[in-house]
Amino acid sequence: MKALILEREKQPLQYKEFEDPMPETDKVIVKIKAAALNRRDVYVTQGLYPGIKYPIILGSDGAGIFEDREVVINPSHNWGNNPNFQQKSYKILGM
């Protein structure tokens, strides 16, 4: 697989080839067809996002194929019932 990787904060991104990952228990592998860098990724590059362990592969949002189905990756969890703002237990998956 190919990925944008950040070796350390405030460094240029590197485009690298990696071995295809093996899924961990309760996880799946999505064959990415489109990916996007968002505001979270900008914060990560600047060292402004808590809990970062370098090196890190960037790209929080994406779309691809899983088991012959098209899927969208939205790494958020527990938004809540109000569409205007998230509840206290909201979190972004990953890291």
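Biologist: How many helices and strands does the chain have?
Modeller: The chain has one helix and eight strands, with helices (H or I, at least four residues) and strands (E, at least two) taken as DSSP runs numbered from the N terminus. This is a predicted model, in which local features need pLDDT of at least 70 and side-chain atom pairs count only at pLDDT 80 or more, while totals for chains, interfaces and linings use all residues. Residues are numbered from 1 along each chain as its sequence is written, and side-chain values use heavy atoms, with hydrogens and water left out.

Biologist: And in what order do the elements run from the N terminus?
Modeller: The order is β-β-β-α-β-β-β-β-β.

Biologist: Switching topic, how many aromatic pairs are there?
Modeller: There is one aromatic pair, where rings of Phe, Tyr and Trp (its six-membered ring) pair if their centres lie within 6.5 Å, and planes under 30 degrees apart count as stacked, over 60 as edge-to-face and the rest as tilted. The ring centres of Trp-79 and Tyr-90 are 5.3 Å apart and the planes stand at 80 degrees, so this pair is edge-to-face.

Biologist: Where do Trp-79 and Tyr-90 lie?
Modeller: Both Trp-79 and Tyr-90 lie in the loop between strand S7 (76-77) and strand S8 (91-92), so the pair ties together parts that are eleven residues apart in sequence.

Biologist: Is Trp-79 buried or partly exposed?
Modeller: Trp-79 counts as partly exposed at 35% relative accessibility, and Tyr-90 is also partly exposed, at 23%; buried means under 20% relative accessible area, exposed over 50% and partly exposed in between, with a 1.4 Å probe and protein chains only.
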